[in-house]
Amino acid sequence: MTGQESEAKAVLAAEALCWRCPSDHFTFETTEELEALSEVIGQDRAVEAIRFAIGMRQSGYNLYALGPEGVGKHIAVRRFLEEQANQEMAPPDWCYVSNFKDRREPRALQLPAGRGSQLSEDMSNFVVDLRDALRNSFESDEYRTRRKVIEGEFKERQEATLQAVEQESRAQGMALMRTPMGFAFAPTSDGEVVSPEAFQKLPEAERKRVEGVIEALQEKLQEVLHKAPVWMKETREKLRQLNNETALFATAHLIDALKQRYSDISAVQRFLDEVRDDAVEHVEEVVAEGPEQKGERSAGPFGDGHPILRRYGVNLIVDNAESAHAPVIYEDDPTYDRLLGRIEHRAEMGALLTDFNLIRAGALHRASGGYLILDARKLLTQPMAWEAMKRALFAGEVRIQPPAQALGMLSTVSLEPEPIPLDIKVVIIGDRMIYYRLAQLDPEFQRLFKVAADFDEQIPRNEENDQLYARLVRSLTDRENLKPFDRGGVARALEFSARAAGDAERFSMDIERLADLLREADHLAGKAGQRVVGANAVAQAADAQIYRLDRMRERLQEDIERGTVQIDTEGARAGQINGLSVMSLGGFAFGRPSRITARIRIGKGEVVDIERQVELGGPLHSKGVLILSGYLSAHYASDRPLSLSASLVFEQSYGGVDGDSASSAELYALISAIAEAPIDQSLAVTGSVNQYGEVQAIGGVNEKIEGFFDLCAARGLTGRQGVLIPASNVKHLMLHRRVVEAAEQGQFRIFAVKTIDQGLEILTGQPSGVRDTDGRFPDGGVNARVEARLIELADKRRAFGRMPGTQGEGE
């Protein structure tokens with residue numbers, strides 16, 4: 001087959017270069033006539049996994065939603081979770097209260113939804129009422145009278161005993177004297193105390209008698225004084241009993257009223273009993289003078305001014321009073337504290353203090369009884385958060401402890417709140433790479449997340465999905481409060497989605513990218529004073545997105561146009577071809593032409609990849625180059641050793657090169673150099689190749705074609721220019737209108753090739769040639785010239801190896 005015949009057969013019609021959605025494909029006038037989309041498009045596998053995970057109540061069946069950004073994972077997951085949550089009852093409230101036996105270990109109370117806030121308010125009122133009731137009771141006349149009676153009894157008893165001793169001393173001529181040093185006895189005469197001088201003048205016998213009497217009286221006085229502490233203790237006990245009776249009387253009606261209100265909750269009953277007992281035990285501290293009596297106002301019933309009263313409060317950490325169903329919580333900042341809760345501290349007198357009132361709930365507490373949604377990347381980048389969440393899920397409870405304590409680094413005394421039971425379904429949303437890495441590196445991951453919802457980034461393009469996509473546009477306009485789109489605008493949006501998918505037979509499921517387009521088209525339509533967004537506004541928005549990002553592409557294109565980077569688009573040259581690559585910067589991909597050259601000489605059958613030698617070539621590129629040697633060895637002169645040394649290089653390439661999409665271009669250049677067959681420089685090539693010479697599909701075909709087209713258009717289209725692509729890439733063509741229009745006018749051509757032989761005929765304009773029954777290529781064909789050249793090189797190598805001193809070369 002001649003080169004012209006091959007061109008005519010391989011060139012693609014303009015209709016094959018891009019799928020165009022006709023406006024009459026839809027029957028509506030604007031999206032206002034459409035029903036908003038209620039289902040998830042094209043994600044049947046993911047939807048089934050979500051429903052399965054929601055329905056499985058056994059432990060470990062948590063969900064990981066995986067897929068690329070923008071496909072609507074979060075929206076879809078949340079929607080299904082909320083649908084299920086609306087059918088479930090609101091979970092209970094959770095409170096922390098004081099543990100009166102060990103204040104370091106606050107107790108957790110579970111109450112029906114809404115009762116927690118009620119109990120918290122009731123206990124706040126109780127503290128105020130308790131303080132007032134106790135003060136009133138202890139300031140009452142009855143209490144004061146009874147206290148005076150008890151205190152009077154002690155004084156009377158003490159005085160009566162002392163009087164008895166004093167009377168006895170008088171009867172024996174002695175006087176009981178009270179001095180600053182205590183009690184003392186002294187002899188008397190005629191009612192007067194005998195002075196020390198007079199006492200010394202008494203006869204010795206009298207003095208001894210007096211001293212004996214005084215000693216006996218002192219012993220009796222000591223007996224009386226030793227009884228005083230016992231009487232004091234009895235008095236304090238009576239006062240304590242009086243205080244307890246008074247406090248119990250003052251608190252009984254308050255506690256009884258609360259116990260009656262919470263008669264259906266045994267845990268609250270026990271708590272109220274403990275509050276009553278503790279208030280009676282610490283009644284003196286409760287009624288002690290506080291800031292309010294000094295003219296100051298405390299922060300509240302549990303403020304810093306009444307530390308003893310703080311212990312009777314209720315710290316409501318989970319309040320479901322306003323919840324009509326199970327919670328669906330998304331934690332945007334999944335730190336350790338925000339997941340598991342934290343214990344706060346308050347500064348007092350230069351010290352940091354804490355109690356159960358400063359315990360704060362985490363997302364696991366708030367979502368218990370419902371569903372918790374987390375972002376995988378955010379969760380894994382927070383220190384200790386991932387491991388802490390796994391521990392909670394395995395244990396089925398949430399234990400609040402400082403991070404340092406969890407690491408065993410905290411030596412100071414802190415609270416150890418009672419763990420709260422955990423009943424939760426956790427959904428993690430992330431990309432596929434994180435899922436696969438966790439499954440590979442964390443043995444506990446798949447024990448906890450047994451269900452994976454894999455969201456597809458593309459869906460097939462068919463009649464049903466076309467209509468669903470139009471309804472998706474309606475849903476997005478409602479969500480973003482945009483103007484309605486006419487059917488032309490919707491058709492352009494569908495074409496945009498197909499281009500984003502890089503496939504004329506599929507739509508991209510990058511919903512956020514589509515939403516960006518719709519928002520920008522709505523803005524442009526508004527600036528133009530249009531009430532409905534049409535096809536022109538959508539096309540302008542798509543072009544504007546490209547324009548904002550293609551500065552680098554323009555600079556590279558200018559370098560080629562000015563001759564700084566050498567790319568030929570006319571003429572013919574052996575061993576030189578235009579290859580195509582794709583560059584991606586900040587999410588914007590564009591094609592870039594590159595000159596590929598090949599040089600050969602006699603050698604040992606080595607094809608040298610210069611990029612690889614200088615460590616600029618990646619493994620996939622090196623693999624593609626190695627395939628070339630296999631193709632040459634098997635396709636030409638297979639009965640002789642391959643006896644050439646070839647070098648291949650991307651000219652003026654100063655960065656890394658990877659991928660095998662240029663392997664067919666490199667093979668064309670290598671064959672051209674061997675056969676000395678010039679290649680048409682008005683053509684560019686992309687596609688990988690296997691060892692059988694079959695051209696294989698590559699990625700970025702649209703960007704590559706457009707990159708070479710823009711260069712040719714800048715230099716002037718001649719009708720000879722074009723790009724060779726793999727035939728298996730035809731279904732991926734979604735070229736820009738400027739390329740399609742040039743093809744329609746015959747100014748630019750796209751060739752779909754299946755084999756290297758077919759591509760050679762187009763590039764060289766000469767037949768490649770197929771072996772006949774005798775195994776020979778027809779004379780004059782490119783393949784025959786390649787084989788003849790390789791045989792010539794092999795013969796020369798053999799002859800060179802026979803020369804003296806060169807025995808090793810021919811081996």
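The model is predicted: local features need pLDDT of at least 70, side-chain atom pairs count only at pLDDT 80 or more, and totals for chains, interfaces and linings use all residues. Residues are numbered from 1 along each chain as its sequence is written, and side-chain values use heavy atoms, with hydrogens and water left out.

**Aromatic pairs**

- Rings of Phe, Tyr and Trp (its six-membered ring) pair if their centres lie within 6.5 Å; planes under 30 degrees apart are stacked, over 60 edge-to-face, and the rest tilted.
- The count by this rule is 17 aromatic pairs.
- Phenylalanine 445 and phenylalanine 449 are stacked, because their ring centres are 5.6 Å apart and their planes meet at 20 degrees.
- Buried means under 20% relative accessible area, exposed over 50%, and partly exposed in between (1.4 Å probe, protein chains only).
- Phenylalanine 445 is buried at 0% relative accessibility, and phenylalanine 449 is buried at 1%.
- Phenylalanine 709 and phenylalanine 748 pair edge-to-face, with 5.1 Å centre to centre and 90 degrees between the planes.
- This pair links distant parts of the chain, 39 residues apart: phenylalanine 709 lies in helix α26 (residues 701-715), phenylalanine 748 in the loop between α27 (737-744) and β30 (749-753).
- Helices (H or I, at least four residues) and strands (E, at least two) are DSSP runs, numbered from the N terminus.
- Phenylalanine 709 and phenylalanine 748 are both buried.
- One aromatic cluster is formed by Tyr64, Trp386, Tyr435, Tyr436, Phe445 and Phe449.

**Charges over rings**

- A charge sits over a ring if NZ of Lys or CZ of Arg is within 6 Å of the ring centre and within 35 degrees of the ring normal.
- Arginine 79 has its charged end over the ring of phenylalanine 80, 5.4 Å from the centre.
- Lysine 450 has its charged end over the ring of tyrosine 61, 5.9 Å from the centre.

**Nonpolar cores**

- A nonpolar core is a set of buried Ala, Val, Leu, Ile, Met, Phe, Trp, Tyr and Cys residues joined through side-chain atoms within 4.5 Å.
- The largest nonpolar core has 84 residues, of which Val77, Phe455, Ile705, Val723, Phe748 and Ile750 touch the most other members.
- Helix α20 (residues 511-527) gives the most to this core, with 7 residues.
- A second, separate core of 44 residues includes Ala598, Leu644, Leu648 and Tyr668.

**Helix α22**

- Arg553, Leu556, Gln557 and Ile560 are buried in helix α22 (residues 551-561).
- Just after α22, glycine 563 has a positive phi of about 85 degrees.
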